[in-house]
Amino acid sequence: MKTIGMIGGAGWPSTLEYYRIINQETNKRLGGLNSAKIILSSFNYEMIDALNKKDDHAGVYELVLDAAQRLKKASADFLIICANTMNQYVEAIEKETGLPIVHIADATAEEIKKSGLNKIGLLGTRFTMEMDFYKNRFSQFGIESIVPAKPEREFIHSAIMDELLKEIFKKETKNKFLNIIYDLKSNGAEGIVLGCTEIPLLIKQNDVSLPIFNTLENHAKAAVRFALE
């Protein structure tokens with residue numbers, strides 16, 4: 001069993017879910033009292049948020065790289081970055097550390113292809129929806145991704161930062177998310193990618209008719225597969 005280096009804390013509620021799913025999935029596969037070998041480096045997300053508000057992506061990268069290097073020194077065999085947006089740094093950090101990293105978009109794309117879908121709606125932070133790193137990764141799997149209009153993107157981003165990261169789950173916020181998903185369906189989306197690891201804490205599969213792809217769950221299970229290869 002390989003040791004998983006987890007870069008978490010972006011934010012901590014979703015990191016908690018990663019830890020639970022990874023250990024449950026490991027035990028499901030191995031039985032007995034088996035659980036995963038994990039080393040966790042967890043951010044104070046206030047630091048990340050302050051840099052993001054200044055669009056200081058280089059500053060965020062340096063924090064992620066530092067966490068990755070410390071996990072390598074602690075003998076992690078590979079890494080996962082437990083936040084969709086920060087997976088934009090995967091290629092650079094793999095090069096810097098020499099450690100393999102399980103990419104969250106790849107893990108999700110594999111599940112989308114298993115479902116036979118080719119066009120999905122992507123929800124996430126403003127960065128995930130507007131930057132190219134996620135769309136480009138999906139395109140390598142032959143998957144087209146569409147995002148909501150700008151006002152809806154701003155609403156989703158604000159809901160993540162002001163509510164979900166603080167464990168605030170409002171009915172009206174959920175209803176707005178469901179309306180956005182309906183609009184994406186009307187624009188041809190065959191499924192919906194919850195491309196922020198906090199959104200699955202609000203939106204569940206039984207809330208919508210389209211297939212939902214929980215990036216957190218897909219990523220956690222892919223990490224287990226990699227650890228047990």
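By class, four nonpolar, two polar and seven charged residues make up the lining of the second largest pocket, where Ala, Val, Leu, Ile, Met, Phe, Trp, Tyr, Cys and Pro count as nonpolar, Asp, Glu, Lys and Arg as charged, and the others, Gly among them, as polar. The model is predicted, so local features need pLDDT of at least 70 and side-chain atom pairs count only at pLDDT 80 or more, while totals for chains, interfaces and linings use all residues. Residues are numbered from 1 along each chain as its sequence is written, and side-chain values use heavy atoms, with hydrogens and water left out.

The space in the second largest pocket is about 170 Å³. A pocket is an open set of points on a 1 Å grid over the protein atoms alone, with protein on both sides within 12 Å along at least five of seven lines; a cavity is a set of points where a 1.4 Å probe fits but cannot get out, and lining residues have an atom within 4 Å of a point. Grid points are joined across faces, edges and corners, and a volume is the space filled by probe spheres set on the points. Thirteen residues, given as 13, line the second largest pocket, and Glu17, Arg20, Ile21, Gln24 and Glu217 are the closest to its centre. Helix 1 and helix 10 (215-228) each supply at least two residues of this lining, and the largest share, six residues, comes from helix 1. Helices (H or I, at least four residues) and strands (E, at least two) are DSSP runs, numbered from the N terminus.

The largest pocket holds about 270 Å³ of space. Its lining has 17 residues, with Tyr45, Glu46, Asp49, Met161 and Leu165 nearest the centre. At least two lining residues come from each of helix 1 (12-30), helix 2 (45-53), helix 6 (126-130) and helix 8 (150-162); helix 2 gives the largest share, five residues. Seven residues of this lining are nonpolar, four polar and six charged.

There is one cavity of 30 Å³ or more. The largest cavity contains about 170 Å³ of space and is lined by 21 residues, of which Ala10, Tyr45, Ala83, Thr85 and Thr125 lie nearest its centre. Helix 2 supplies the largest share of that lining, three residues. The lining of the largest cavity comprises twelve nonpolar, eight polar and one charged residues.

Three strands form an open sheet in the order 2-1-3, with parallel pairing; two strands pair if DSSP finds at least two bridges between them. Strand 2 (38-42) and strand 3 (78-81) are the edge strands, each pairing on one side only. From one strand to the next, the twist averages 20°; axes are lines fitted to C-alpha atoms, for helices over the stretch in contact, and angles run from 0 to 180 degrees between N-to-C directions. Strand 1 (residues 4-8) and strand 3 run parallel and are joined by four bridges, and Met6 stands opposite Ile80 in strand 3. Helix 10 packs on the sheet and touches strand 1 and strand 3, its direction making about 180° with that of strand 3; contact means heavy atoms within 4.5 Å.

Helix 5 (residues 104-114) has several buried residues, among them Ile104, Ala107 and Ile112; buried means under 20% relative accessible area, exposed over 50%, partly exposed in between (1.4 Å probe, protein chains only). The elements covering these buried residues include helix 1, strand 4 (119-123), helix 7 (133-139) and helix 10. After helix 5 comes Gly116, whose phi is positive, near 75°.
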